[in-house]
Amino acid sequence: MSKCYVSYMANDRDLKGVLVNNYILKEKYNSKYPYLCICIENVSQKSKEILSKYGINIIEFFFKKLLLKNGLDNEYVDTIINKHYYGKYLIFLIQQFDEICYLDTDLLILKNLDNYFDDQIIEENTLYMVNDVLATPIENTDKQIATFIKNMFNSGVIFFKPNNIIFDKLIYILKEIGLNNFNKHVATDQ
């Protein structure tokens, strides 16, 4: 069964995060699984050359064309692309691996993650994520308390089996929300 780690770049801004993830996975923790990076059309050739130099396999998508082909209009597509994080939906279209772990580029990986692949049975049509956490200041102190939010999930680490159906459902949800509601009510990708 083939497995991999993958991150996403919407533009050149996240290059350092991808390079750090690669270093931690490969050099620090000697991961046995490959690390790939999805790049959309706004990632420069120079950044892609740097990724290749460090042995990071690139999967290129023309995200704008894909969204337009799925029935979203130009203005909505530009809004989605300019939010930068919705391109992570493309992870579900990677078909050359049986199981994938998506990693955001702003993570700090503190241990080898391979055992999560090795010890878990990843089911079809299921996303393995953790609840999102909100840090709330404690009155009259410089401390904060972490609160787990039950109806929101953190999309920074996702274990899953690639599946076009999940991608299609996410696109369907974007269509149902529509541009006006998206601009008014959708603040993050969580």
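Predicted model: local features only at pLDDT ≥ 70, side-chain atom pairs only at ≥ 80, totals over all residues.
Is Lys32 buried or exposed? Lys32 is exposed, with a relative accessible area of 55%.

## The chain as a whole

The secondary structure comes to six helices and six strands, and along the sequence these follow the pattern β-α-β-α-β-α-α-β-α-β-β-α. The radius of gyration is 17 Å, close to the 16 Å that the globule rule gives for 190 residues, so the chain is as compact as a globular protein of that length. Along the principal axes, the C-alpha atoms fill a box of roughly 50 × 45 × 35 Å.

Of the 190 residues, 44% count as buried. Among contacts with a separation of 6 or more, 70% come from residues 24 or more positions apart.

How far can you trust the coordinates? The mean pLDDT of the chain is 86, and 94% of the residues reach 70 or more.

Helix α1 covers residues 15-28, which makes 14 residues. From its first C-alpha to its last it reaches 19 Å, close to the 20 Å expected at 1.5 Å a residue. Its buried residues are Leu15, Gly17, Val18, Asn21, Asn22, Ile24 and Leu25. These pack against four elements: the strands β1 (3-9), β2 (35-39) and β4 (99-103), and the helix α2 (45-53).

After α1 comes Asn30, whose phi is positive. Asn30 lies in the loop between α1 and β2 and is exposed, with a relative accessible area of 61%. Its phi is about 50° although the residue is not a glycine. Asn140 is another non-glycine residue with a positive phi, of about 60°. You will find Asn140 in the loop between β5 and β6, where it is exposed, with a relative accessible area of 79%.

In soluble globular proteins, nonpolar side chains tend to be buried together. Here, the largest nonpolar core has 35 residues, and those with the most contacts inside it are Val6, Ile38, Ile80, Leu90, Ile91, Phe167 and Leu174. At least two residues of this core come from each of β1, β2, α3 (63-69), α4 (74-82), β4, β6 (144-160) and α6 (164-185). The largest share, six residues, is supplied by α6.

Leaving aside residues up to four places away in sequence, Phe167 touches Leu66, Asn70, Tyr89, Leu90, Phe92 and Leu93. Apart from this core lies another, of 20 residues, and Tyr35, Cys39, Leu51 and Phe159 are among them.

## Salt bridges

The structure holds seven salt bridges.

| Arg13 | Asp14 | 3.5 Å |

Now back to the lysine from the opening. Lys32 lies in the loop between α1 and β2 and Asp118 in helix α5 (residues 114-119), so the pair ties together parts that are 86 residues apart in sequence. Asp118 is partly exposed, with a relative accessible area of 37%. Both residues also belong to a network of salt bridges that links Lys3, Lys32, Glu99 and Asp118.

Lys48 is buried, with a relative accessible area of 12%, whereas Glu60 is partly exposed, at 48%.

Arg13 forms its salt bridge with Asp14. Arg13 is exposed, with a relative accessible area of 57%, while Asp14 is buried, at 15%.

Terms used. Residues numbered from 1 in each chain as written. Heavy atoms only, no water. Expected span 1.5 Å × (residues − 1). Buried < 20%, exposed > 50% of the residue type's maximum accessible area, 1.4 Å probe, protein only. Contact = heavy atoms within 4.5 Å. Core = buried A, V, L, I, M, F, W, Y, C linked by side-chain atoms within 4.5 Å. Salt bridge = Lys/Arg side-chain N within 4 Å of Asp/Glu carboxyl O. pLDDT = per-residue confidence, 0-100. Rg over C-alpha atoms; globule rule 2.2 N^0.38 Å.
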